[in-house]
Amino acid sequence: MAEKKDKLTLSDRWNGLKAEFGKIVWPDGTTIYRQSVAVILVSIVVALIIVFFDMLIQYGVNFLTSL
């Protein structure tokens, strides 16, 4: 049979949570700016690709239904 794990107290959990938050490394402003610009540019490119394929499919459907 599996062994029971010792239950942590609320104080132990809180201390563990504080220790984990201490390990967080926050990016600087330049990194945030560059990543934000990259996300915006990729979003625009993906949107343009979707619009292109939508127009292409719409043209194809209109062509097939006009026969």
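Here is a walk through this structure, from its overall shape down to a few side-chain contacts.

First, some ground rules: this is a predicted model, where local features need pLDDT of at least 70, side-chain atom pairs count only at pLDDT 80 or more, and totals for chains, interfaces and linings use all residues. Residues are numbered from 1 along each chain as its sequence is written, and side-chain values use heavy atoms, with hydrogens and water left out.

Let's start with the big picture. The protein chain has two helices and zero strands; helices (H or I, at least four residues) and strands (E, at least two) are DSSP runs, numbered from the N terminus. The chain is more spread out than a compact globule, because its radius of gyration is 26 Å, well over the 11 Å that the globule rule gives for 67 residues. That radius is taken over C-alpha atoms, and the rule is 2.2 Å times the number of residues to the power 0.38. Along the principal axes, the C-alpha atoms fill a box of roughly 75 × 45 × 15 Å.

So how much of the protein chain is buried? Buried residues make up 0% of the 67 residues, where buried means under 20% relative accessible area, exposed over 50%, and partly exposed in between (1.4 Å probe, protein chains only). The accessible surface of the chain comes to about 6900 Å², and 69% of that belongs to carbon and sulfur atoms. Such areas come from the Shrake-Rupley method with a 1.4 Å probe, and for residues only the protein chains shown count as cover.

Now look at helix α2, which covers residues 29-65 and includes I49. I32 is found in this helix too, and it counts as partly exposed because its relative accessible area is 43%. I32 and L17 are 15 residues apart along the chain, and their C-alpha atoms are separated by 25 Å. V46 also lies in helix α2.

Next comes a nonpolar patch on the surface, formed by V45, I49, F52, F53, L56, I57 and V61, with about 660 Å² of accessible area together. Patches are made of residues with over 30% relative accessible area and no salt bridge, with like charges joined within 9 Å and nonpolar side chains (Val, Leu, Ile, Met, Phe, Trp, Tyr) within 5 Å. I49 has 43% relative accessibility, so it counts as partly exposed.

What about aromatic pairs? A search of the whole structure finds one. F52 and F53 form this edge-to-face pair, 5.4 Å centre to centre with 70 degrees between the planes. Rings of Phe, Tyr and Trp (its six-membered ring) pair if their centres lie within 6.5 Å; planes under 30 degrees apart count as stacked, over 60 as edge-to-face and the rest as tilted.

Finally, the structure holds one salt bridge, meaning a side-chain nitrogen of Lys or Arg within 4 Å of a carboxyl oxygen of Asp or Glu. K23 forms it with E20, and the closest N and O atoms are 3.2 Å apart.
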